[in-house]
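Reader: I have a structure open and would like to talk it through. Could you help me read it?
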Amino acid sequence: MKQSDKLLLLGELFNVHDDSTKEARQKQFLDTDVMKNLRDFFRSEEEKSSPRYELLKKEYELLTHTEMETLKVYFICYAHALYLWHSVQNRRFLNPFLCFKNKNEVLLSRIAVDFDGKETYLGDVIMLENYSNDYKIEMVKRSMIQWRKEVIKVVLDPLQILIMRPKNVPHKRKIPGSKIGYGIFLLLMSLCLILLFFLKDNIIYPVFKFDLTRAYFAYPLFAIYFFIFFADFLWMFSISRRRYHMRKYFWAQDVLFTHSQDIVLKINHTTEKLYHYILTCIQKKKEIEGTCKPYSNLDQEYRALKYMLKINEKDGLPEDNMFGYEIVLLEFIFLLLIYLVICYILITKGFIA
Amino acid sequence: MNHKIKFNIHIRDEEFFSLKEFGSKIYLYPEESFALINTKNFLTILKKYDEELYKKVEELRSSETSKEVFLFKIQYLFAPVLPLQYYGVQYKSYEKIGNRILNGAPQIDIYMQDFLRYGLLSYYMRHVGDDHMQSKLYETVLCLEHEFLLNEARAYFKLGFHLDKRDEIVYRRRGYKDVKSFFEMILSPTMINDFAKDFEKNQYLLAWLEYKGYQKEIREFESIVSSVEEWEEKK
């Protein structure tokens, strides 16, 4: 940090501002080496779907959109960008609590920690000769704190946002009234058409016999059967999809909201469990065994969280967008028209008195 | 005390006929005085003259590793009623110390720093009873001695401001009392680089701002700067 920048920052804290505008500051910020490096990194394909990558990317995106109203904001963002770049460079540092996809494969002993500024595997930390156990524990503790912080950022912070802002998501397990009314209408229509089989000589029978002289009105009726069947199918499909999303939604709600306290306990318990295990290994000079599986146990919560965040972003369950009210209304008008045609035919041909 | 023993001490062109007289001039002749006090001859005579005083001197000799501190303290053993004096300079009041510190700013006088580094000022205040008479100032000095361990330059200039009770910062022979007008002056394009190059190193400005009660702003400034620099180092 340049000395003149420091003086400008100090001056700003005493309400003496420099001449640059927030746009100029923002441009300057985006043009810094560290932001350029971050931009290049996030454009690459590496580690696209790990929670850690997503967390860092989100923070980077937040930085790019921050308005640099003051020099203070500028330097806070700059420090954060430097921290992000440091984190990104140490991408080999896996978080044992967040290895969801490959938790069965990642060995705990191959998890790296920052030991005196160097990447050192946990397995190697135990074997280091020139350090006391207390010092090793201190180093591991630092990484543990960092890992825990990341878990909180990945799981608890977004959860808190969701709890505080549960907008546009249903609170009750119900199918909307419009869909139920539409279903009843379809049921009645289907029953009416089934009844037609029992009227006089079963009026659509000629269709099946390909008796074209008698079937001039039966073909449209056949088409109506088909359309009613198709509408029934659409309705069922819509309901089942809704139920599927409702089920998924309420599963996510159960996982995240009903048992939110359990998540905190789980995080604390897992952190303690891992810490005590490593502590024992260091003190007894015992080899670290096993994979990250017992410690990466928040995958269900993470999946639920991603789903809920997606819903929250889209302002509702995804199915609602596919089967919106406009489509339901169009289907209704279409079926009503068909119903009117049926009635007209039945009345003019004397099937109904 | 053996009154039969008469002292006759020669240092350069001066002659002292009592320990009190010698003690009052130690600050003018630190090198010679230190050499003399540590001679076997002087200590033997001192022991015969006043055994209790001799024990105190021996205790001081064994406990103090710094020559300056040893001489500062021993002068008050030989001549208990003395003004504050150290390394060739006599200070009639505490304000004079503050005045000297601020007049030299932003340069630091290494001997003046010893008042905080070795706790000489607080020692003197205890010696003359100002720890009770001027308890608020004494507390401030103790705090600054502690702060000196963390930030030497800032504690030094803050001592200057506290002792001198001067509310203004002097830059290029002009005094500024108002923080905003001072910043407007130093942040002008012609001044900024000149002032910026050393302001953090000498801590004069930051000491002044803290003295004026802007601790919160300084903490905020330092926290931002340290986090930027910490990550810059790691980069």
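This is a predicted model: local features need pLDDT of at least 70, side-chain atom pairs count only at pLDDT 80 or more; totals for chains, interfaces and linings use all residues.

Reader: What does Gln113(B) touch, leaving out residues up to four places away in sequence?
Author: Gln113(B) touches Ile108(B), Phe148(B), Glu152(B) and Tyr156(B).

Reader: Where is Gln113(B) found, and is it buried or exposed?
Author: Gln113(B) is found in helix α7 of chain B. Its relative accessibility is 5%, so Gln113(B) counts as buried, the limit for that label being under 20%.

Reader: Now the interface, please. How many residues does each chain bring to the contact?
Author: Chain B brings 30 residues and chain A brings 22 residues.

Reader: And what area is buried between the two chains?
Author: About 2500 Å² is buried between chain B and chain A, and carbon and sulfur atoms give 77% of that area.

Reader: How many salt bridges cross the interface?
Author: There are 3 salt bridges across the interface of chain B and chain A. One of them joins Glu220(B) to Lys72(A), with the closest N and O atoms 2.4 Å apart.

Reader: Which helices of chain B supply the side that touches chain A?
Author: At least two residues each come from α12 (179–186), α13 (192–202), α14 (204–211) and α15 (215–234) of chain B. The largest share, 12 residues, comes from α15(B).

Reader: How do the residues on that side divide into nonpolar, polar and charged?
Author: On the side of chain B that touches chain A, 18 residues are nonpolar, 2 are polar and 10 are charged.

Reader: How many residue pairs are in polar contact between the chains?
Author: The count between chain B and chain A is 6 residue pairs, with both residues at pLDDT 80 or more.

Reader: Let us change topic to aromatic rings. How many aromatic pairs are there over all chains?
Author: The count comes to 38 aromatic pairs over all chains. One example is Tyr86(B) with Tyr87(B): their ring centres are 5.6 Å apart and their planes meet at 65 degrees, so the pair is edge-to-face.

Reader: What kind of pair do Tyr87(B) and Tyr111(B) form?
Author: Tyr87(B) and Tyr111(B) form a stacked pair, with 4.1 Å from centre to centre and 15 degrees between the planes. This pair links distant parts of the chain, 24 residues apart: Tyr87(B) is in the loop between β3 (84–86) and β4 (89–91), and Tyr111(B) is in helix α7 (residues 110–117) of chain B. Tyr111(B) counts as partly exposed, at 35% relative accessibility.

Reader: Which residues do ring pairs link into a cluster?
Author: The cluster includes Phe14(A) from chain A, together with residues of chain B, among them Tyr171(B), Phe195(B), Trp208(B) and Phe221(B).

Reader: Back to charges. How many salt bridges are there over all chains?
Author: The count comes to 24 salt bridges over all chains. In one of them, Glu67(A) meets Lys22(A), and the closest N and O atoms are 3.0 Å apart.

Reader: Where do Glu67(A) and Lys22(A) lie?
Author: Glu67(A) lies in the loop between α4 (51–65) and α5 (71–89) of chain A, and Lys22(A) lies in helix α2 (residues 22–30) of chain A, so the pair ties together parts that are 45 residues apart in sequence. Glu67(A) is partly exposed at 43%, and Lys22(A) is partly exposed at 27%.

Reader: What about Arg12(B) and Glu32(B)?
Author: Their side chains meet in a salt bridge of 2.8 Å, N to O. Arg12(B) is in the loop between β1 (9–11) and β2 (14–16) of chain B and Glu32(B) is in helix α2 (residues 30–37) of chain B, so this bridge ties together parts 20 residues apart in sequence. Arg12(B) is exposed, with a relative accessible area of 59%, while Glu32(B) counts as partly exposed at 27%.

How values were computed: Residues are numbered from 1 along each chain as its sequence is written. Chains are lettered from A and ligands numbered from 1 in the order in which they are written. Side-chain values use heavy atoms; hydrogens and water are left out. Contact means heavy atoms within 4.5 Å. Buried area is the accessible area (1.4 Å probe) that two parts lose on being put together, summed over both. A salt bridge is a side-chain nitrogen of Lys or Arg within 4 Å of a carboxyl oxygen of Asp or Glu. A polar contact is a pair of N or O atoms within 3.5 Å; within protein, one must be able to donate a hydrogen and the other to accept it, and residues adjacent in sequence count only if both atoms are side-chain atoms. Helices (H or I, at least four residues) and strands (E, at least two) are DSSP runs, numbered from the N terminus. Ala, Val, Leu, Ile, Met, Phe, Trp, Tyr, Cys and Pro count as nonpolar, Asp, Glu, Lys and Arg as charged, and the others, Gly among them, as polar. Rings of Phe, Tyr and Trp (its six-membered ring) pair if their centres lie within 6.5 Å; planes under 30 degrees apart count as stacked, over 60 as edge-to-face and the rest as tilted. Buried means under 20% relative accessible area, exposed over 50%, partly exposed in between (1.4 Å probe, protein chains only).
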